[in-house]
Amino acid sequence: QVQLVESGGGLVQAGGSLRLSCAASGRTFSNYAMAWFRQAPGKEREFVASITWSIDRRYADSVKGRFTISRDNARDNVVNTVYLQMNSLKPEDTAVYYCAARPRTTAQAMSIMTKSDIDYWGQGTQVTVSS
């Protein structure tokens with residue numbers, strides 16, 4: 001049973017920083033691409049950033065230069081953690097942020113996936129940026 005558990009969300013002022021974490025367990029994740037998506041009220045869920053085990057990365061244009069995705073691969077690949085460092089936050093970054101995982105795919109492919117394309121989702125963590 002794959003589990004993705006996000007943490008690190010909260011309320012921050014514009015220009016501030018937050019670091020989100022996603023603890024992934026229940027599977028060997030060496031051939032999984034991992035990603036962050038976000039969904040603001042009344043909007044579709046959208047891609048934010050993705051990363052593969054080989055550390056290939058992709059970012060949405062709206063977050064390039066401000067957000068950084070990274071991952072820790074556990075030695076036994078049973079537990080895997082993905083991070084999203086968010087700097088220079090803007091009010092338009094306010095959303096629920098979701099961790100996502102899909103096997104045998106690329107960071108580029110995940111960047112154009114929709115909600116139904118993803119195999120596993122976390123429960124989400126709220127990020128609110130005040131102006």
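Author: Start at Arg 45, in the loop between β4 (32–39) and β5 (46–51). Keep in mind that this is a predicted model.

Reader: Is Arg 45 buried or exposed, and what is the nearest side chain of opposite charge?

Author: Arg 45 is buried, yet has no salt bridge. The nearest side chain of opposite charge is Glu 6, 7.4 Å away.

Reader: Which side chain does the Arg 45 side chain make a polar contact with?

Author: Gln 39, side chain to side chain, at 3.2 Å.

Reader: And what is Arg 45 in contact with, leaving aside neighbours within four places in sequence?

Author: Phe 37, Arg 38, Gln 39, Tyr 98, Lys 115 and Trp 121.

Reader: Charges next. How many salt bridges does the structure hold?

Author: It holds 5. One of them joins Arg 38 to Asp 93, with the closest N and O atoms 2.9 Å apart. That pair links distant parts of the chain. Arg 38 is in strand β4, while Asp 93 is in the loop between β8 (79–86) and β9, and 55 residues separate them.

Reader: Arg 38 and Asp 93: buried or exposed?

Author: Arg 38 is buried, with a relative accessible area of 6%. Asp 93 is buried too, at 1%. Buried means under 20%, so each value qualifies.

Reader: Which residues are linked with Arg 38 in a network of salt bridges?

Author: Glu 46, Arg 66 and Asp 93 are linked with Arg 38 in that network.

Reader: What does Arg 58 form a salt bridge with?

Author: Asp 56, with the closest N and O atoms 3.0 Å apart. Arg 58 is partly exposed, with a relative accessible area of 30%. Asp 56 is also partly exposed, at 28%.

Reader: Which side chain meets Asp 61 in a salt bridge?

Author: Lys 64, at 3.2 Å, N to O. Both Asp 61 and Lys 64 are exposed.

Reader: Switching to strands. How do β4 and β5 pair?

Author: In the antiparallel sense, over 5 bridges. Met 34 stands opposite Ile 51 in β5. The two strands, β4 and β5, form a hairpin with 6 residues between them.

Reader: Which residue in that turn has a positive phi?

Author: Gly 42, at about 75°.

Reader: What about the pairing of β5 with β6?

Author: β5 and strand β6 (residues 57–59) also pair in the antiparallel sense, over 3 bridges. Ile 51 has Arg 57 as its bridge partner in β6.

Reader: How many residues lie between β5 and β6 in their hairpin?

Author: There are 5 residues between them. In that turn, Ile 55 has a positive phi of about 70°.

Reader: How many of the β5 residues are buried?

Author: 5 of its 6 residues, which leaves β5 mostly covered.

Reader: Last topic, cysteines. Which residues does the disulfide join?

Author: Cys 22 and Cys 99, with S to S at 2.1 Å. The structure holds 1 disulfide. It links distant parts of the chain: Cys 22 is in strand β3 (residues 18–25) and Cys 99 in strand β9 (residues 95–103), 77 residues apart.

Reader: Why is the disulfide left-handed?

Author: Because the torsion about the S-S bond of Cys 22 and Cys 99 is about -80°.

Reader: Are the two cysteines, Cys 22 and Cys 99, buried or exposed?

Author: Cys 22 is buried, and Cys 99 is as well.

Note on methods. Residues numbered from 1 in each chain as written. Predicted model: local features only at pLDDT ≥ 70, side-chain atom pairs only at ≥ 80, totals over all residues. Heavy atoms only, no water. Disulfide = S-S within 2.5 Å. Helix = DSSP H or I, 4+ residues; strand = E, 2+ residues; numbered from the N terminus. Buried < 20%, exposed > 50% of the residue type's maximum accessible area, 1.4 Å probe, protein only. Lys, Arg positive; Asp, Glu negative; His and termini not counted. Salt bridge = Lys/Arg side-chain N within 4 Å of Asp/Glu carboxyl O. Polar contact = N/O pair within 3.5 Å; in protein donor to acceptor, adjacent residues only side chain to side chain. Contact = heavy atoms within 4.5 Å. Pairing = 2+ DSSP bridges.
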